[in-house]
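Dear colleague,

Please find below the structure I am handing over to you.

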Amino acid sequence: MVGATAVEGNQPGVARVVTDPTAPVSRRILIVEDDTSTREVLAKFIKKEGHACATATDASDALQQMTSWQPDVVVSDVKMPGMDGLQLFGLIRQHFPTTSVIIMTGYGSVSDAVELMKRGASDYLLKPIHLPQLKAVIEDAIARKQAREKAGQNGAAHAARPELRSADHGVSLEEFANGLLTALRLRMDEGRSHALRVADLAHRLAEAMHLAPTSRQAIRVAALIHDVGKIGIDNAILSKPAAELTPEEELIFHTHPLLSARVVEAMPGLKQIAEAVRHHHERFDGEGYPDGLMGTAIPFGARIIAVANTYDRMVFGADAPACTPEQAIETIATESGKAFDFRVCPVLNQVVERTGEADSWLL
Ligand SMILES: [Fe+2]
């Protein structure tokens, strides 16, 4: 509380020492709000109160700033395009456990806010925001964070942050990917189990093709999160069989690899994973999306995930009659060199026959 180092404005590198021991502690506050005027009013007020303040327009932007800027307090709207405040809160709780989160909500969403309070949110504010009340809850949130730090949780938080930046693609990245899958599960019941099966098969394909352990692990993590961007796609589109989508809906659906990649691409050390995620719907003949890459221009991890993803959709998918593993392998083989890399297709046959994984996936 006393003798604190304060950070001015939005530049965390520019610091001044507070010499007055009774002066309020200056902290980093992140505002997550899609409405521009509300965002600007809140940021101006918080800076005037002596805190450093940054803003994010959506949850994806906020997650990037959580990693790069490490705010002490997040003040987040609930209803936002794409990932909403509830999903964002879950990810912050999991990966930045000492960060205090204040929820802003309208009268119609109070039950959501109360639920988040039960799960550990510091406080909630009803819109329109009363600025003196905002000041009070921020001070309280800062005090809570200090208490958690003093209680020894600070060590765990600092351990978690470098793991997200790590380039060794270890267990911590899997935990991060699993957190994202939890958010996806809020939108799509089958999304998580599909992702786990695809990750399992993609990893085995990579292993059978003798890729290095770090590459195999990167492909596994990329496969886990390949469809996380569907969080940002309207439910009306997600619930339709692909064949029934209108051209406009199809265009929107085709943005999901970009949305998935955006979650991880700003994180240092995760470029390989982001590239594999972005291109998992490219075709070997250049007729895929989002970029129409062809052949070896498609990252190898994406070519492996494309085969694993298609196999899983054919055997376990909800919007087509289920194939047997043998039928799926045969159909994929006919697309060798067209939709899929001709080097990966034969390996699918080896992996499925060797492991009998289809039976284990049904458990
Ligand atoms: Fe996908």
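The chain contains 16 helices and seven strands. Please note that this is a predicted model. Of the chain's 363 residues, 40% count as buried. Among contacts between residues at least 6 apart in sequence, 61% join residues at least 24 apart.

Strand β4 pairs in the parallel sense with strand β3 (residues 28–32), over five bridges. Within that pairing, isoleucine 31 has threonine 55 of β4 as its bridge partner. Between β3 and β4 the chain passes through helix α1 (residues 36–48), and this β-α-β crossover is right-handed.

The second topic is the largest nonpolar core, which has 80 residues. The members that touch the most other members are Ala202, Leu205, Ala222, Ile305, Val307 and Ala308. Helix α13 (residues 300–316) gives the most to this core, with eight residues. Both domain 1 (5–165) and domain 2 (171–361) supply at least three residues each to this core.

Leaving aside neighbours within four places in sequence, alanine 202 is in contact with Ile219, Arg220, Ala223, Ile304, Ile305 and Ala308.

With kind regards

Note on methods. Residues are numbered from 1 along each chain as its sequence is written. This is a predicted model: local features need pLDDT of at least 70, side-chain atom pairs count only at pLDDT 80 or more; totals for chains, interfaces and linings use all residues. Two strands pair if DSSP finds at least two bridges between them. Helices (H or I, at least four residues) and strands (E, at least two) are DSSP runs, numbered from the N terminus. A crossover is right-handed if, with the strands pointing away from the viewer, the path from the first strand over the helix to the second runs clockwise. A residue is buried if 20 or more other C-beta atoms lie within 10 Å of its own, exposed if 12 or fewer, and partly exposed in between; C-beta atoms are placed from the backbone. Two residues are in contact if their C-beta atoms, placed from the backbone, lie within 7 Å. A nonpolar core is a set of buried Ala, Val, Leu, Ile, Met, Phe, Trp, Tyr and Cys residues joined through C-beta atoms within 7 Å. Domain bounds come from an automatic or database domain assignment.
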